[in-house]
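Let's take a friendly walk through this structure, starting with a loop and moving on to the ligand and its surroundings. Keep the viewer open as you read.

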Amino acid sequence: MTDGVTPDSEVVLETSRLLLRPWRVAEADVQRELWTERDPRVPPHRRIDADGRPTVAELAESIRAHRLWSTGLLAVERKASHDVIGYCGLVDTGRGPAGEPELAFELLRRVWCQGYATEASLAVLEWARSSGHERLWATVWDWNTASRRVLAKVGFTETERKEVDPERGTTLFTVIRL
Ligand SMILES: CC(C)(COP(=O)(O)OP(=O)(O)OC[C@H]1O[C@@H](n2cnc3c(N)ncnc32)[C@H](O)[C@@H]1OP(=O)(O)O)[C@@H](O)C(=O)NCCC(=O)NCCS
């Protein structure tokens, strides 16, 4: 695995099967597909609303406007087929202590269970370590078995901290020391 920072500070990470790199505006349709595939238990503000929003155009504008999509939540591209299958990266949600971002990932359903999230996460953890982070967080719904498994596989452990939502489930806070 190699990782590096391009001259304009955009991040590019490489693993055996994947390239993690900034989103391109033209890939907004992949983000839209991720939105349409979300579990019904995911809160409404992260699901397509009754008016069909966010639209592909709105997601394209978000890619254009927010550095999150070039330096935080990176597009996961398969090297063999050059298709983008989701994102993996770091995001500052403010839920953890200052300077300790969260690992986040989401992939298209058609590529699940092939080890991609694990492979991408390991690359992001290495990037975080080499960038000087000492600890990262990840939050996960208690019912999200696949995500909990990925987090455990890459070394996160569950803490005592939990947030209970009677309708949607319990959010577990997990942590890794790098
Ligand atoms: C979570 C997610 C990214 C995992 O991606 P992935 O590429 O399929 O993950 P991996 O293949 O690396 O690993 C998945 C692991 O979960 C296991 N798993 C998947 N579904 C499972 C289920 N229903 N029950 C038990 N284990 C399950 C797989 O067997 C695998 O573990 P293993 O290697 O020990 O066999 C994907 O499911 C996803 O995008 N989910 C929706 C978004 C999401 O939940 N994001 C995380 C928010 S915290």
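## A loop residue beside the ligand

Cys-113 sits in the loop that runs between E6 and H4. This is a predicted model, so please read every value here as computed from predicted coordinates. The phi angle of Cys-113 is positive, at about 65 degrees, even though the residue is not a glycine. Is Cys-113 buried or exposed? With a relative accessibility of 84%, Cys-113 counts as exposed, because the cut-off for that word is over 50%. Cys-113 also belongs to the group of residues closest to the ligand, together with Thr-118, Asn-144, Arg-149 and Lys-153.

## The shell around the ligand

How many residues surround the ligand? The answer is 19, and they divide into 9 nonpolar, 7 polar and 3 charged residues. Four elements each supply at least two residues of this shell: strand E6 (102-107), helix H4 (116-130), strand E7 (135-141) and helix H5 (145-154). Which of the elements gives the most to the shell? That is H5, with 6 residues.

As for the site itself, the ligand sits in the largest pocket.

## Polar side chains at the ligand

In Lys-153, a polar side-chain atom lies 2.6 Å from an oxygen atom of the ligand. For Arg-149, an N or O atom of the side chain is 2.7 Å from a ligand oxygen atom. Trp-112 also takes part, with a polar side-chain atom 3.2 Å from an oxygen atom of the ligand. How much of the ligand does the protein bury? Taken alone, the ligand exposes 960 Å², and the protein buries 68% of that.

Thr-118, one of the residues closest to the ligand, is found in helix H4. Its relative accessibility is 14%, so Thr-118 counts as buried, the limit for that word being under 20%. In space, the C-alpha atom of Thr-118 is 6.7 Å from that of Val-154, while the two residues are 36 residues apart in sequence.

Ala-152 has its place in helix H5, the element that gives the most to the shell around the ligand. Ala-152 is partly exposed because its relative accessible area is 42%, which falls between the 20% and 50% limits. If you look from Ala-152 across to Gln-31, the C-alpha atoms are 26 Å apart, and the two residues are separated by 121 residues in sequence.

## Backbone details in other loops

Two further loops are worth a stop. In the loop between helix H1 (28-37) and helix H2 (56-65) you will find Pro-54. A cis peptide bond joins this proline to Arg-53, with omega at about 0 degrees.

His-82 lies in the loop between strand E4 (73-78) and strand E5 (84-91).

## A buried strand residue

To finish, look at strand E2 (residues 11-14), where Leu-13 lies. Why does Leu-13 count as buried? Its relative accessibility is 0%, and buried means under 20%. Leu-13 and Leu-68 are 55 residues apart along the chain, and their C-alpha atoms are separated by 16 Å.

Notes: Residues are numbered from 1 along each chain as its sequence is written. This is a predicted model: local features need pLDDT of at least 70, side-chain atom pairs count only at pLDDT 80 or more; totals for chains, interfaces and linings use all residues. Side-chain values use heavy atoms; hydrogens and water are left out. A residue is near a molecule or strand if one of its heavy atoms lies within 4 Å of it. A polar contact is a pair of N or O atoms within 3.5 Å; within protein, one must be able to donate a hydrogen and the other to accept it, and residues adjacent in sequence count only if both atoms are side-chain atoms. Accessible areas come from the Shrake-Rupley method with a 1.4 Å probe; for residues, only the protein chains shown count as cover. On a 1 Å grid over the protein atoms alone, a cavity is a set of points where a 1.4 Å probe fits but cannot get out, and a pocket is an open set with protein on both sides within 12 Å along at least five of seven lines; lining residues have an atom within 4 Å of a point. A molecule sits in a cavity or pocket if more than half of its atoms lie within 2 Å of its grid points. Ala, Val, Leu, Ile, Met, Phe, Trp, Tyr, Cys and Pro count as nonpolar, Asp, Glu, Lys and Arg as charged, and the others, Gly among them, as polar. Buried means under 20% relative accessible area, exposed over 50%, partly exposed in between (1.4 Å probe, protein chains only).
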